[in-house]
Amino acid sequence: MSNWSDLGPRLASAAVMVVVGFSAIWAGGVWFTVLVVAAVLAMLWELWTMAQKSHRNLAAIFAVAVLIVGIGLISFRNINGIAFIFWMILVIVASDVMGYFAGRIFGGPKFWPSISPKKTWSGTAAGWIGAALVGLGFVIWNGSSVGLIFVSVLTAFAGQMGDIAESALKRKTGVKDSSNLIPGHGGVLDRFDAVSGAVLFLLVLSLFWPVGV
């Protein structure tokens, strides 16, 4: 039962984030920009608080990444459009949700125990499957290229690596969560680490291949 103790607060917080986030994505323009700026400022504050004096250089590297992510999100919404943002978010959500439940139901070997002891290979693989299903959904209902299925899996993996990177930072700085701003999820950085990894990956990919849905 302890494996599910955080499910209630997690679902409640997720519901609020879904409403606020999807409303801002749908509205676009200044509303989306305000949400992104607010999230970036919150993450920068969390990084500064977590790092203390002994890890300022490490925090600075993450801060630069966070700023790039913020610019990337705004650029994707303005240039690639609303469908692209919804696809990316759905890939991350599907990967996170399926990974969460599969990891707790099936358990098994840990993905990277020295950094993120809760993550399992079963949850990681389930996350890839969830991402692939999202990509397939866009292929069927949106007429997207079949290659989007593969890109969806890679985006989910990049999101998982973003999660791992933040876990490594927290382990280095000796904190459990980046903050307690979001019940059941920890801080804003805890919730947007996967999104950050995905955005950074898609920004790099867009330099070599036209990313779109």
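Q: Buried means under 20% relative accessible area, exposed over 50%, and partly exposed in between (1.4 Å probe, protein chains only); is Asp 190 buried or exposed?
A: This is a predicted model, in which local features need pLDDT of at least 70 and side-chain atom pairs count only at pLDDT 80 or more, while totals for chains, interfaces and linings use all residues. Residues are numbered from 1 along each chain as its sequence is written, and side-chain values use heavy atoms, leaving out hydrogens and water. With a relative accessible area of 9%, Asp 190 is buried.

Q: In what order do the elements of the protein chain run from the N terminus?
A: Helices (H or I, at least four residues) and strands (E, at least two) are DSSP runs, numbered from the N terminus. The protein chain has seven helices and two strands. Their order is α-α-α-α-β-β-α-α-α.

Q: Which residues is Leu 202 in contact with, leaving aside its neighbours within four places in sequence?
A: Contact means heavy atoms within 4.5 Å. Leaving those neighbours aside, the contacts of Leu 202 are Phe 76, Phe 84, Trp 87, Met 88, Val 151, Thr 155 and Val 211.

Q: Which helices hold Lys 170 and Asp 190?
A: A salt bridge puts a side-chain nitrogen of Lys or Arg within 4 Å of a carboxyl oxygen of Asp or Glu. The side chains of Lys 170 and Asp 190 form one at 3.0 Å, N to O. This pair, 20 residues apart, links distant parts of the chain, with Lys 170 in helix H6 and Asp 190 in helix H7.

Q: How many residues apart are Lys 170 and Glu 166?
A: Their side chains meet in a salt bridge at 3.8 Å, N to O. Lys 170 counts as buried at 12% relative accessibility, and Glu 166 is buried at 1%. Both lie in helix H6, separated by about one helical turn because their spacing in residues is four.

Q: Which residues do salt bridges that share partners join into one network?
A: Lys 176 and Asp 177 pair in a salt bridge at 3.7 Å, N to O. The network joined through shared partners consists of Glu 166, Lys 170 and Asp 190.
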